[in-house]
Amino acid sequence: MSNHTIATPITTWAAARTTDREVLNRAEVAALLSLDPRTIDHAIADGTIPAVHVGRRVLIPRRPFLHAFGADDPTTTGLPRDEESA
């Protein structure tokens, strides 16, 4: 991915599991969890959601995030299944 490429937003759990991207942003995580981005900020602050701060950016490592929410294996997750993965 070059600096001039805008990544397609991750909006489904299936996409989060299969993408080659290593990080998610807080808006993508908020959409996946159906939460307000400010709630994501609080979860990052209290350590519920793993994150790395790079300057003003907040990057959420995809694999630890999926593992923290039990979504790294589509057969064992308690999260709602996406239409794509059902």
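This is a predicted model: local features need pLDDT of at least 70, side-chain atom pairs count only at pLDDT 80 or more; totals for chains, interfaces and linings use all residues.
Modeller: Residues are numbered from 1 along each chain as its sequence is written, and side-chain values use heavy atoms, with hydrogens and water left out.

Colleague: Why is the pair W13 and F65 called stacked?

Modeller: Rings of Phe, Tyr and Trp (its six-membered ring) pair if their centres lie within 6.5 Å; planes under 30 degrees apart count as stacked, over 60 as edge-to-face and the rest as tilted. The centres of W13 and F65 are 5.8 Å apart and their planes lie at 5 degrees, so this pair is stacked.

Colleague: And why is the pair F65 and F69 called tilted?

Modeller: Their planes are at 50 degrees, with centres 5.1 Å apart, so "tilted" is the word. Together, ring pairs link W13, F65 and F69 into a cluster.

Colleague: What makes F65 count as buried?

Modeller: Buried means under 20% relative accessible area, exposed over 50%, and partly exposed in between (1.4 Å probe, protein chains only). F65 has 0% relative accessibility, so F65 counts as buried. F69, at 26%, is therefore partly exposed.

Colleague: Which residues of helix α2 are buried?

Modeller: In α2 (residues 26-33), they are E28, V29, A30, L32 and L33. Helices here are DSSP runs (H or I, at least four residues), and strands are too (E, at least two), numbered from the N terminus. After α2 comes S34, with a positive phi near 55 degrees.
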